Amino acid sequence: MAAETVWPRLEPLLPQVSKPIQYVGGELGAQVKDWDAAAVRWALMYPDAYEVGLPNQGVQILYEVLNELPDVLAERTYAVWPDLEALLRAHRVPQFTLESHRPVGDFDLLGVSFATELGYTNLLTALDLAGIPLPAVDRTDQHPIVIAGGHAAFNPEPIAEFLDAAVLGDGEEAVLEVTGIVRDWKAAGRPEGRDGLLLRLARTGWVYVPRFYHVDYLPDGRIRRVVPNRPGVPFRVTKRTTMDLDQWPYPKRPLVPLAETVHERYAVEIFRGCTRGCRFCQAGMITRPVRERSITTVGQMVADGLAASGFSEVGLLSLSSADHSEIGDLCSGLADRYESSNVSLSLPSTRVDAFNVELARELSRGGRRTGLTFAPEGGSERIRRVINKMVTEEDLIRTVVTAYTGGWRHVKLYFMCGLPTETDHDVLQIARLAHQVIEAGRAATGSRDVRCTVSIGGFVPKPHTPFQWAGQCPAELVDHRLKLLKQAINADRSLGKAIGYRYHDGQPSLIEGLLSRGDRRVGAVIRRVWEAGARFDGWGEHFSYRRWVEAAAAALPAAGVDLAWFTTRERDRSEVLPWDHLDSGLDQQWLWQDWQDALAGVEQDDCRWTPCFDCGVCPGMDTEIQTGPTGRRLLPLTPV
Amino acid sequence: MSRRQPPGGQAPVVQRVRVRYAKRGPLRFTSHRDVARALERALRRARVPVAYSQGFTPHPRISYASAAPTGVASEAEYLELGLQAPMPPAMLVGALDAALSPGLDVLDAVTAAPGSGSLADRMEASRWRIELPGVEPAELRRAVAAFTAIDQVLVERLTKQGRRTLDTRPAVYELRVAGPVEGGAGAARTAPSGVTDAPCAILECVVRQVTPSVRPDDVLSGLRVAAGLEPPVPARATRLAQGPLSAQGEIVDPLEADRGGMPAGE
């Protein structure tokens, strides 16, 4: 079946929509391959607007890895804004890819990367516009296999009904192996059709095919058990781990958009995984163990990435970049290379210590020192022990003063509200800390020209973390505490004027909580809210809490299972959690113990520097920590 | 506290190069800002020795002559680059064109003649071609006649400052119905969209550079106001030329004055 481009029908619609360039393609690094020469064809989707989706590292890596294969083609698609959605429907133009503007429905696979659960409604829009039936079981051999990845895939149960498959963990090798299975199945004449392919995938042990699992419920609404309903399908599906990041130096040729996007930089991941053990952090829990990319590979990637893209900014990304074993040499080496080149380097600083400020100082040698971000996460020392974010008040003040005296006039402090065991007092400590930061900054610099911004995120308990059993803080209580905090910050007018205050109210967090820890019954809520018009739920101006509450009330079964049951209810040790059959490597007993330690305010060290504490990942997944130092240095280069 | 001084030492401008480029096909949907970002990156990839401004956030020294609106194609966009090391204009054309996405095409470049004044000041008028799929040429001819017969055609335009009223008539120097689309360099690379076997009238106009500027959209609004012309699908406009307006009503190559009497292309 030769797929036809929809461009001639799309083009006349574009003058009628905002930012039409986002639907045009033509990015540097984009690859338009011969449709007929491809044995396997992927459409890759990031289910948010182009400006957010294009810079996504996961999609860019898979896109490049797949397109390096001569007989494989990968194109991209993103969520279209409601203005274009309406026009596409009116003119019967399907969801399309950006490279050749082909209908998404004509591809073999639709791979969707979920960094956040708030993209679920956008998945439904894309499927519907593509003419792909929403329930996966209604699809025929003519429809693409819809396969999810990304962090949210560690509990895909709320969208299980709409997915054919999900892959947990690192995608580089998994996407190639899935491609191989699809290639063989097609070459063999598609034996046993769609189900035959899904069975081949499920039997690998690392592709989750929801339809091959049956979920039973107890009379009280909890899950009784989740069991395979086909022979050869494993009871548990395990995550994938790419071990040697030096072997996978992607993106090599980053996508450089014509349209404006949220990140305009060459981003290189300097390590993957984190064992800091912050208990709220799903990313840190599900990406273990730590695997560093060597200083020389990072240096080469930066040089090649800048030459290929023309970007003038480099981001050194990871979950806690200052923890790289060679970060000092890496930063000074890169700063030496790019000192007189109008290339700016940045490290997303999140940890609170003076070493981070030193690194930032090195990276911004000749440039502007606009703002530094630190994430103490909790306002009181007690709550920081609960979440295992080991920062003392003295650490924070000393770090911030180092920043102010080092030439920064503005620091951003990131906290969470709604943490387990949190009281009003814990949150009000944020105001006291912010006041101290400004006072210390004024004293150290002798100037009133120091500012800080306090940024508050709502805590959402996530699967595969010690907080997976916690009751989420009700939205009203979060909002109440945010209000108290605002008053406390402004109680001192002189200090309050130097403090910016940003927060999100509690309602979107509660819906994120529903989608994060929901089970298959939440699928009906997602479908209903989508039918009622929900789109772009990660965007404040599009999100409607009332629409979600109404959909939950209408679509959930009557037996006591409601929005609160999924969110604010604390779970006990014996409850079967919706994601228990999905194996992130973390030992359930260790997770439970870490949850008990959290409640008792007992901290947990980092296994990079202290003995293994048996979280279970390395032996279970046959992996190990990979850290330097390698002892190598960056060689001088003559950049442009 | 230590007030940090911005680093000095950006190299001075030793050569100014004036560049003509085109915005074609799907890339007509780029905005001016999109083009500017793409160009800055392409200059770095092409290793063009562009000069930077001083300060904490140095900017490449690029100035743009009036840019075509988003959605409008152009064969005649212009910009001027300040270089910190000399580069032959012909080499710059090749290197920059190779570094830009197809559809943003560099066509010509000359070294600015000393004391030749600003490039923007030379842009007295533009010639536009506007394709109107679904409009009969006779209907367009009637509308053009109605528009040209009157002295004032007020249209409304939505700007960032709100709604404003604009008289389109004085800026329109010439307005006529052209023959069918030729397959020249400026022709759109895809067929007029969406409408098959339907008429497609083509409007050509010469519009003076005035403030506030009168754009192809405004001319079409003027035709709606003056004659009730309502194209069934969005029009496709292309700027064919911009530059000084001669006494004979022709648009002159704006880089001519920099060529020092040499024929174009040398």
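## Contacts and overall build

Two residues are in contact if their C-beta atoms, placed from the backbone, lie within 7 Å. In chain A, 78% of the contacts with a separation of 6 or more join residues 24 or more positions apart.

This is a predicted model, in which local features need pLDDT of at least 70 and side-chain atom pairs count only at pLDDT 80 or more, while totals for chains, interfaces and linings use all residues. Residues are numbered from 1 along each chain as its sequence is written, and chains are lettered from A and ligands numbered from 1 in the order in which they are written.

## Size and burial

Chain A has 22 helices and 19 strands (DSSP runs numbered from the N terminus: H or I of at least four residues for helices, E of at least two for strands). The radius of gyration of chain A, taken over C-alpha atoms, is 25 Å; the globule rule gives 26 Å for 640 residues, so the chain is as compact as a globular protein of that length. That rule is 2.2 Å times the number of residues to the power 0.38.

Along the principal axes, the C-alpha atoms of chain A fill a box of roughly 75 × 65 × 55 Å. Of the 640 residues, 52% are buried (20 or more other C-beta atoms within 10 Å of the residue's own, with C-beta atoms placed from the backbone).

## Helices H5 and H18

In chain A, the axes of H5 (residues 120–130) and H18 (residues 522–531) come within 10 Å and cross at roughly 65°. Axes are lines fitted to C-alpha atoms over the stretch in contact, with angles from 0 to 180 degrees between N-to-C directions.

A:Tyr120, A:Thr121 and A:Leu124 of H5(A) meet A:Ile526, A:Arg527, A:Val529 and A:Trp530 of H18(A).

Terms used:
A residue is buried if 20 or more other C-beta atoms lie within 10 Å of its own, exposed if 12 or fewer, and partly exposed in between; C-beta atoms are placed from the backbone.
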